[in-house]
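Morning, everyone. Have a look at the sequence and the structure first.

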Amino acid sequence: MHPAGVLLVVCGLVLGATGDPSQDFCSQILNSGVKPGFPKTIKTNDPDVLRAARHSAESFNNCSNDAFLFRESHISRALVQIVKGLKFMLDLDISRTTCKKTRHSSLDDCSFQTNRTLKQTLSCYSEVWVIPWLQSFKVPVLRCH
C-alpha cells in the first residue's frame, strides 16, 4: 500500500472515532508529506493539539499537590508522529487558575490567577499518545519546571 494510503486510513480513523471532523488536521497530514514514524510539525492552534495540551494539564493536576488547578496557557511547539495512533510532542506552559481542586471545576471555566503571590506558570514538555479508535489518551511523559 502506498504511504499516502496508510495516512488516509489513519486520518479516516481519526475522523470516525472522534466524531468531530478536523479537516484541517487531515489536510495538513496528507499534504505535508508526513510518513508513519516520522515526527512532523503541526500548528499549535490545531484542535487535536489543544486537546492533547488539555490532557497534559489534567495529568499535571492529578499528580500535583497544589490546591489550585493548572490549565494550558501557551503552546510554543507541537509535533505529531503517526505510530499506533498519534503521538503528540508538545512544548507548553501551564498556569495556575483560580479554581480549587476540591471543587472539580471544568478547566474551561477556570480563569488564570491574577494575584501576584498565587500566580505561577510552569514550562513543560509533554508526550500524549492518542488512539482515536479506542478513545484512549495517555500522557507517558510530562516534565515541568
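Cysteine 99 and cysteine 110 are both buried, meaning under 20% relative accessible area, where exposed is over 50% and partly exposed lies in between (1.4 Å probe, protein chains only). A word on the source: this is a predicted model, where local features need pLDDT of at least 70, side-chain atom pairs count only at pLDDT 80 or more, and totals for chains, interfaces and linings use all residues. Residues are numbered from 1 along each chain as its sequence is written, and side-chain values use heavy atoms, with hydrogens and water left out.

Back to that pair. Cysteine 99 and cysteine 110 form a disulfide, with sulfur atoms 2.2 Å apart. The cut-off: a pair of cysteine sulfur atoms within 2.5 Å. The S-S torsion of cysteine 99 and cysteine 110 is about -115°, so this disulfide is left-handed.

How many disulfides does the rule give? Two.

Next pair. Cysteine 124 and cysteine 144 form a disulfide, sulfurs 2.1 Å apart. The torsion about the S-S bond of cysteine 124 and cysteine 144 is about 110°, so that disulfide is right-handed. Cysteine 124 has 7% relative accessibility, so it counts as buried. Cysteine 144 is partly exposed, at 28% relative accessible area.

Now cysteine 63. Buried or exposed, cysteine 63? Exposed, with a relative accessible area of 68%.
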